[in-house]
Structures are given as C-alpha cells and as structure tokens.
Amino acid sequence: MTRGPDADADRTLSRKAFLGAAGGLVAGAVVHTRADAVDLLAAQSPTQQTSDPTKVHGPPPSPLGRRAPTEQPRRLATRPSTSASSTTPLQDLHGIITPADLHFERHHAGVPAIAPDTYTLLIHGMVDRPTVYTLADLKRFPAVSRIAFLECSGNGGRGYTRDPAPQTTPQQADGLTSTSEWIGVPLSTLFQEVGVQSSATWFVAEGGDAALMARSIPVEKGWDDAMIAYGQNGEAIRPEQGYPARLFLPGWEGNASVKWIRRIEVTDAPLMARDETSKYTDVMADGRSRQFSFVMDAKSIITFPAYPYALPDRGWWEVRGIAWTGRGRITAVEVSTDGGRSWEAAQLQDPVLPMCHTRFRHLWNWQGEETVLMSRAIDETGYVQPSTSALIAARGPGGFYHSNNIRAWHVATDGVVTFAPGDPS
Amino acid sequence: MNGRGPTLAGSFALLLLVTTSCTIERTPEADASPDDPAAAEPFGFGSPASDAFVAALDLDVRPDGAGLPEGSGSVAEGRRVYLAKCAACHGPTGTEGPNDRLVGREPSDFSFGRDRRAVRTVGNYWPWASTVFDYVRRAMPFDAPGSLDPDEVYAAVAYVLYLNEVIPDDAVLDATSLPRIVMPAQDRFYPDDRVGGREVR
C-alpha cells in the first residue's frame, strides 16, 4: 500500500480532531487537511493541545522569552521588614551564572525607583576635580566586564551552629550568594579622572535609596578592582541589584557593594556608618568585635543531593555544588561521602574564575548506607573551609556574619536527605 | 590631542584599548599623585560639582563631629520627638520593639560572641554617638526618612542616649557636645585580622 504524506496527515488529523472534540473544542469544525488542523490547534490554549509536540506547531517568536511552565524557580523572600531579603534557589540552578531575576536581594529601605535620565553620581572630597556624572557619562568611559560572585556577609548564619534545622534547603542555608557578569567602568578610571589625592585613605559610598545606605571602603580597593557597574548578565542592572548603577567590589561582603550609588566622598577616615558599626561587625568570644571584615572567605555547599530531595535508587549519583572565595581562585574542593572520615578531590568545572562561583562535581556510588555528605573549599592562599566546630572555636558561638563553616547533608537509608552539622564525625 | 580619545576608530581601536587598560591597571601609588607626569590626560566626561550641590547631598557625620549641622536638642525635647516618631517601631522605652531594640546596657561585658541571644543596642554595642546622629538623619523615621530637622535629630539622639544612661537627663546635644560623648562600646572594635592562608580566624 502506498502511503503518501497526506495519508499520514489524515490519520493524524483524525486522531487530533477526535481529541479536540473530546475536549469540546471542535464543534462544527471541519478538518480536511494538515493546514486545517494547524489552524484549529493554534486556536486552542496550550493546556488543551495534544501531548505530541512533533505534530503541532508551537507559538511564534515573541518579544520577551519565558521559562518553561514546568521550570519556575523562585527567590524565597523573608517577611517584609526593615531587614528584608530574598534568597537565590541554589538547588535549581546549573552552571555559575545566576539569572538576574533570581539574584538574591538585601535591601535596607526597599527598592528605590530611580529615573536613569536624572540619575547622577557625585565624586567629591579629597579630589582635585569634584565631578558629577550622568549615566551616559559613566557609560562613555572604557568599560570592563567580570564574572564574579556577590555574597551577603550574613549568608549562612543559620548554618553557624552544631545543631542546624534538618529541614533546610540550599536556598535557605546559603541563598544569599549569586554570580553575575558585571559590566561597568573601573572605579580607578573615575579616581584618575577626578584626581584622588595621595593622602586619601578611604572613600564613603552612599546609595540613593531611602536609607541613604553608606559604607566606608579603603581607597586601595577603589584603585584595585572596584567598579561602578551598570550591566548585569547582558542587560541593564535590575532595580533590585542597584539600577541604574552600583558599586561592585569583587570578593567583598555584599553590603559594601553599595547599590543605587549616588555619591562617593574620598576621605582620610571611615565614616563609621551604622552598617559598619552596629551591623556587619563580627562578635568574637573574647569580648571584642571585628570591624571592616570585607573579604568573604572560602566556602562551598553541595546543592545536590540536598534537602528536600530523596535519592530514589542506589547506584551512581553525581554530587554537585558550588565553591567560592573572595581571596582569588578556588584551587580545590574536597568531598566526603562518609561523614568526613575520608575526603576526595572533586572535579572543578571550567571556568574557574577569581572571586567567582566555581562548580564542582563528584561521582558517588551509594549503596543504601546512612551517611553524611560534606564539601570543603580550598583557595589559592591555602585556606581550607573550616568545620563548624573549628570556626566556633576560633570565634565563639555568638557570631553570625561570615559563617563559612562546612555544610553537610545527612543521607538516610531510605534516601531522604536533610541538612546536618558541618563537623566530621 | 587626547592620545586615547574614544572617538578614534578603525585599526587604532585595538591600540587604544591596550593603552587604556594599561592606564587602568596602574598602581595606586602611581595614580594617586596628581603630579605624576605619566598620568594620562583625563577624558573629562562629567560636569564640575558645585559646592552647593555637594553640600546638598553630603550628610555624613564623622566621629570627630565633622559634618554636624547647626542646631541643638535636649533630652526633654527628644522625649517628645521619640514618642511621636520613634516609639511605634522601637517601643515606648526603646526596648519593646517590634523593630530593633535601642536601649539596654546588658551585657556590659560585650559577651555577644559567647551568647547568641544577647541583643545589641545603642547602649551596649554602638561605638560612636556620631553614628546615631548620622543614621537617624539619613534613614529615620522608617516611614518618613529624612523628615527630621537638625534640632529634632539632636533631640532624638539625646533621648536615646539618655535612655541608655550614656548622658544625663539635662543634657543638650549640639555640634560641640555630641562628639565628646564616649560610648560604652567604643574600645570594643578592632580591624579585620583575617589574611587567608591556613589559619582560621
């Protein structure tokens, strides 16, 4: 029997027409040809289409893309308050780039609405030429780009305990870190333009939000690798990340990378602003507090398998996670699949960039045993991510900021994974 | 002619990029000196900032009192300001919340690092009185930031410091008296001593 294309089409069509009719859609429609069927099916809503995408045309191109209906990662926002934040769904992400709409948030007075055409950045103080820059001025300077993490120094505070809550996801544990490609003008360029004086030692960065949030930064960081960023992952910085421009300080605690930056005053002393005295200072067991602790030390977290996942089968599983350090590059990540008794080098996924999330992975053959998974990051200074007990021994139990102790996941014999103390057994 | 002008095009572009990136990567020592003969000519983008523009934006108040405005406020005046504009968030005596607790001298031994439940207040943790003024002026009250005039800010700061038993009930704060206040926690802070490497700090 000769079966031409039309025969195939007609047979398919009759099935589709039947399915459509069963859905109550085709009343009165006459389906003779494939073209008729395409027209008919295009008129149906997506949820009512048949399940075989090879037999129907999809939607046409559109001005703005959308995620697959079945892939809807979400930030997790704290209740609205004076310390509002939202976390990145680390467990849902691949690679190192955080989609901009999933970048974590931490605001001190909400997200300001700043018009780009009236935005200005003032640089003054110990400079030869106090200057006001528009956004267009900033964009006219030679631009740089770097892919780097941004982490709130409060990230992981809930893991800074020997008794963490088992029902904690990677997002809840460490979701105040994200990685973006940041594009902007090097602050060194602007420092050179305004003529920063040689006796300057600090600069105060101030945001244009309702908190006028301010931080003091050593002037060396400005000359080194700071930038005024206006781009993020190929587009303008999102309002939640500082639109239209922000300070970005690679490797340093997120709070210091002042968003919505409106003013930089070059000085010879720190301002002692609220967020560098009463907040973002690190209490120590000896009755003191560490101040201006900018650099984020090396850290890692396994993002798979992790709560609330349950391993359905024994056999090979790829343990996956991210590692990062504010002191350069990650040089190694070690993974333990036996509660810290033994450690093996995980594979690092290129690119391994300085001050950037770095992917690691480690193959693990699970035979149904109860165990604990851990990871520890090592950076180019030789620093090794410490156990929870080691960090508490160095600082005392009262701390919160800069909690970079080892994160662990308990695996039960039924495959259920829960958050666990970061201490080798 | 500006030797790295961004308007040049064509085959010069690569050379210009190299020149510019060399400039950017100069050491702070070389760049910090305005007399450095090697310093490149500025692009000159942007506009000169007038003193008035700077003054309108610059609200910084430093521990030495630099930046404090004219005006003054007493503890008694501060009580009125506090009850009207602060108490709803911080409680009638600065201890009730619902937002940050402002008042309390315990733990007086700064034992926060040993006790996670210890609450940090202006009286037991804030190292500088200037910070209270600076923060209140720039960010408070939370529902109307920047709405207090200098006298109200001085007064509110005075009342909070009085509640913390840092200043007496007849104190009046102004640009002279505020920087002289020594906060209980002033000597508790030290600069970051982490340096990477093997040691955990």
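**Close-up views of a predicted two-chain model**

**View 1. The buried helix H6 of chain B.** In H6(B), the buried residues are B:Ala129, B:Ser130, B:Thr131, B:Val132, B:Phe133, B:Asp134, B:Tyr135, B:Val136, B:Arg137, B:Arg138 and B:Ala139. The model shown here and in the views that follow is a predicted one. Helix H6 of chain B spans residues 129-139 and is mostly covered, since eleven of its eleven residues are buried. Helix H7 (150-163) of chain B is included in what covers these buried residues of H6(B).

**View 2. The contact between chain A and chain B.** Chain A brings 68 residues to the contact, and chain B brings 58 residues. On the side of chain A that touches chain B, the elements that give two or more residues include strand S4 (120-125), helix H3 (135-140), helix H6 (219-224), strand S13 (261-267) and helix H7 (388-395) of chain A. Helix H5 (187-194) of chain A is also one of these elements, and H5(A) gives the most to this side, with five residues.

View 3. Strand S15 (289-291) of chain A is among the elements that give two or more residues to the side touching chain B. S15(A) pairs in the parallel sense with strand S4 (residues 189-191) of chain B, over three bridges. Within this view, A:Gln291 stands opposite B:Pro191, which is in S4(B).

**View 4. Two cis peptide bonds.** In chain A, the peptide bond that runs from A:Tyr307 to A:Pro308 is cis, with omega near 10 degrees, and A:Pro308 is found in the loop between strand S16 (299-304) and strand S17 (315-324). In chain B, the peptide bond from B:Gly97 to B:Pro98 is likewise cis, with omega near 15 degrees, and B:Pro98 is found in the loop between helix H5 (87-90) and H6 of that chain.

**View 5. Two residues of chain A with positive phi.** Although A:Asn233 is not a glycine, its phi is positive, at about 55 degrees, and the residue is found in the loop between strand S10 (227-232) and strand S11 (235-236) of chain A. A:His402 is buried, because 28 other C-beta atoms lie within 10 Å.

Technical notes: Residues are numbered from 1 along each chain as its sequence is written. Chains are lettered from A and ligands numbered from 1 in the order in which they are written. This is a predicted model: local features need pLDDT of at least 70, side-chain atom pairs count only at pLDDT 80 or more; totals for chains, interfaces and linings use all residues. Two residues are in contact if their C-beta atoms, placed from the backbone, lie within 7 Å. Helices (H or I, at least four residues) and strands (E, at least two) are DSSP runs, numbered from the N terminus. Two strands pair if DSSP finds at least two bridges between them. A residue is buried if 20 or more other C-beta atoms lie within 10 Å of its own, exposed if 12 or fewer, and partly exposed in between; C-beta atoms are placed from the backbone.
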